[in-house]
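Morning, everyone. Please have a look at the model on the screen, and then I'll walk you through it.

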Amino acid sequence: MKVSKRITIKGIVQGVGFRPFIYRLAFRHSINGTVSNNSSGVIVEAEGTEKSLANFLKDIKLKAPRGAKIKEIICESAPTRHFNSFKIVPSRKEEKREAFIPPDIATCGDCIKELLDKRDRRFRYPFINCTNCGPRYTIIKDIPYDRPATTMNKFVMCDSCENEYLDPLNRRFHAQPNACPNCGPSIELLDSEGNKLHVAEPISFVSRKLKEGALLALKGLGGFHLTCDARNDRAVERIRSIKKRRDKPLAVMVPDMETATELAFLEKKDKEILNSCESPIVLAKKKENSSISPLIAPYLDEIGIMLPYTPLHHLLLKEFKGPLVMTSGNPSGTPILHKNEDALKLFRSLVDYFLLHNRDIHIRIDDSVIRIIQSTPMILRRARGYTPSLMDLGFKSKTTVLALGGMLKATFTFVRDDKAIVSQYFGDLSNPDNLNFYMEVLEHIRKLYGFKPDCVVCDLHPDYPTTILAEQISAELNCRLIKVQHHIAHLMSAAAEHNFYEDFIGVALDGTGYGLDGNIWGGEIFWGKEDKLKRIAHIDYFWLPTGDKGIEEPWRIAFSLLFNVLGDKALESNWIAIRRKSIPVNDFLKVLALSKHPLTSSSGRLLDAVASLLNIRDKITYEAQAAIELETLADKHEEGFYYTPISNLNLNPYHLIEEILLEQNRGVAAHKISARVHNTLARWILNVAQKIRDEKGINHVVLSGGVFQNRYLLLNTLKLLKENGFRVIFNSTIPINDSGISFGQAVIGALRSRE
Ligand code: ZN
Ligand code: ZN
Ligand code: FE
């Protein structure tokens, strides 16, 4: 007895070799029918015996291709159509665009084998790919995902490639970027001035030059990288000066796992993520005395490592046989470059060589960054490999929501039905180039998916470019505008990622976010649920001298705190004496003369100030540098903490400063004090959480906010809370920093639509 089914497979199932996979499965299980892509996903019309259909369905789930992420399989009975074969039918456009754009996938094992096989027709071909790997998101101009809608449309496949492309049993069946040396993209080597160099083996040539200390601008998958030998101080210094990036750590690409383990301590999960098809930068504890230049990650105990993820990387790293700096090719704080002409203009005479190619990057994207905490991957920068993938909300939104996020590490999020698409990372939107990049991708994604928002969500901050944009969009579309407090958005980003919509105790430790009372928040404890969170405790307000200047120069905050504690005696303090040379006396007096605004409860700024008080850093060159170096210094075995009297559950920063001064007078070392300050914050969280639990009976704690990127603080807080019986939720796939804000905002917009 033949049975007929219509199977709809939703999730990331297009552009990952899903149809040929279904074809081969159907072949194996003697199923007749068709498979097609439509905008909802992959549709299979299947006829076979009850048993073969059941096995077929089981294998769809079990054996799906490596890049596929199945979210849902719907199997319905269908009228019998008496198919006598199994066919793949071409895509067609449909009104409702629900299909998912697949992210880019790192080169697969099969392709690497062919790449290195002398007998293969793609031996050493830098653009080898198949349905299991290769560019996707970066080359897609429209959906459905077919070759004409990609930047590969300008290359006409040769007969051999076309045969592969048309053969359902071939690994390259409908591999949209399929190409070979005869018909596909090619590389081009240029010198420092942009003149073409004709060398037989450009990759070997470049690899030799890199060994000699040369700088290379390398066009990759999502944009340009600047590359040099990671062991060569002089070369690393040159990259830093091009990027105008003094201290911020640079990522390193290594040829293989063996080299990776020479540079850093890697656990099982680190290796798993390094090897994954997303292939992000993994942050791991660096090994002392490795060959790497100390200029790669100065003053830090971590290093960012990744493995080759394109065939070009594989070829280059195989020849080079060592660690290469692989940092996005752009001046610090601007979007990654993706056009040959822009790179040639910007880096002319600055780098020694350009290795370009002629496959256009339609949407540029940065490398993603991940840190593993207790076997949980925390995505800190969500970009290549992870976007644009979908998040399940766990409930259905009645409206289409567009949330525009914050300002730093910006992202946007669309919500439709029960799914959210979180955009890639865009950096600081106060930079107009970043804002343009953000707008460009916003429009691209809106068009691809056909989103028509009926609700726009933004931050409370009146001056964020995203707030202004949200006001414009809501006026243009005449739709609802919702403003969400920054830390409530942080906490909901963590809770909703885990589909947790019950009451919780929410702890937001953060840099800065606009508070409900107009002050700058960043050390807040709430209770409640969804957007009905009530603030119950915070770090007592202290003064943030000169607003943004204070963020770049933590000594100002340190001084104002010191002055509050010591009064005029602060001017005769040891701390001032140490700074006689570096900071003019007048600057101290200027700080005192400023109006005492704004006030802040920011834990990030408090830690910055402590870093200055402990003489670790007075001025920063990248976001949170002082606090990060304070964490690096902390004695990780120190268990002591300061007793801070809790009045109204708040943490009093002045008491903390008093304790630090006492300790310094006693001659306690900075690494001890640093640890104790962190431990004090963790204790405070525990104390407040216990009070709330006693009163309200809530046992779940949600942690979010950029300051929880601090490993020592996060691990300590987790330990204390768990030891005391709390269930703790924190961000994993949605960044815990401001890249998570748009998702939290979108969730609140969607939740409100249910009312
Ligand atoms: Zn492949
Ligand atoms: Zn070809
Ligand atoms: Fe934040």
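I'll take the metal site, then the cores, then the cysteines.

First, the ground rules. This is a predicted model: local features need pLDDT of at least 70, side-chain atom pairs count only at pLDDT 80 or more, and totals for chains, interfaces and linings use all residues. Residues are numbered from 1 along each chain as its sequence is written, chains are lettered from A and ligands numbered from 1 in written order, and side-chain values use heavy atoms, without hydrogens and water.

Which residues hold the iron ion (ligand 3)? They are His486 and His490, each through NE2, and Asp510 and Asp738, through OD atoms. Donors here are N, O and S atoms within 2.8 Å of the metal (3.2 Å for Na, K and Ca); water is not among the atoms, so sites may look incomplete. The spacing in sequence is H-x3-H-x19-D-x227-D. Aspartate 510 sits in strand E22, and aspartate 738 in the loop between strand E28 and helix H23, so the pair ties together parts 228 residues apart in sequence. Helices (H or I, at least four residues) and strands (E, at least two) are DSSP runs, numbered from the N terminus.

Aspartate 510 is buried, at 2% relative accessible area. Aspartate 738 is buried too, at 9%. Buried means under 20%, exposed over 50%, partly exposed in between (1.4 Å probe, protein chains only).

Now the cores. A nonpolar core is a set of buried Ala, Val, Leu, Ile, Met, Phe, Trp, Tyr and Cys residues joined through side-chain atoms within 4.5 Å. The largest has 100 residues. Helix H21 gives the most, 10 residues.

Last, cysteines. There are zero disulfides, meaning pairs of cysteine sulfurs within 2.5 Å. Cysteine 458 is 10.0 Å from the nearest cysteine sulfur, that of cysteine 455.
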